[in-house]
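The following explanation is intended for a reader who meets this structure for the first time. Please keep the sequence and the model in view while reading.

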Amino acid sequence: QVQLVESGGGLVQPGGSLKLSCTISGPISTLYDVGWHRQFPGKQRELIARIFRDARTYYRDSVRGRFTISRDNAKKIVYLQMNNLNSADTAVYYCRSFESGDWGQGTQVTVSS
């Protein structure tokens, strides 16, 4: 049984930072290829960061240089460090295992003064 649980979302002021966590239960392979997505109201989810089996990373242009994806294999957590946030980053953030196809339930991030 694979389960992904996001945490760490909340309200932050423009220019601030948040660190999201995606805690994964299930086979260790579930951890190896994980992406963070976000969804704006009325829009489809978009992939913003991904960490591959060999630790290579991918970032969407809109977050590159501000967001960092990382993985703790021992804790089975994938993180998304988000810096210099702005109002355009306000969305629901989801993690997904590309290995299993499972999604987390999402966590709201709101950037507002």
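This is a predicted model: local features need pLDDT of at least 70, side-chain atom pairs count only at pLDDT 80 or more; totals for chains, interfaces and linings use all residues.

Residues are numbered from 1 along each chain as its sequence is written, and side-chain values use heavy atoms, with hydrogens and water left out.

The chain contains 0 helices and 10 strands; helices (H or I, at least four residues) and strands (E, at least two) are DSSP runs numbered from the N terminus. The radius of gyration, taken over C-alpha atoms, is 13 Å, which agrees with the value near 13 Å for a compact globule of 113 residues under the rule of 2.2 Å times the number of residues to the power 0.38. Along the principal axes, the C-alpha atoms fill a box of roughly 40 × 25 × 25 Å. Of the 113 residues, 42% count as buried, that is, under 20% relative accessible area with a 1.4 Å probe, protein chains only.

Four strands form an open sheet in the order S1-S3-S8-S7, with antiparallel pairing; two strands pair if DSSP finds at least two bridges between them. Its edge strands, S1 (3-7) and S7 (67-72), each pair on one side only. Within the sheet, strand S3 (residues 18-25) and strand S8 (residues 77-82) pair in the antiparallel sense over 6 bridges. Ser-21 stands opposite Tyr-79 in S8.

Note on methods: Buried means under 20% relative accessible area, exposed over 50%, partly exposed in between (1.4 Å probe, protein chains only).
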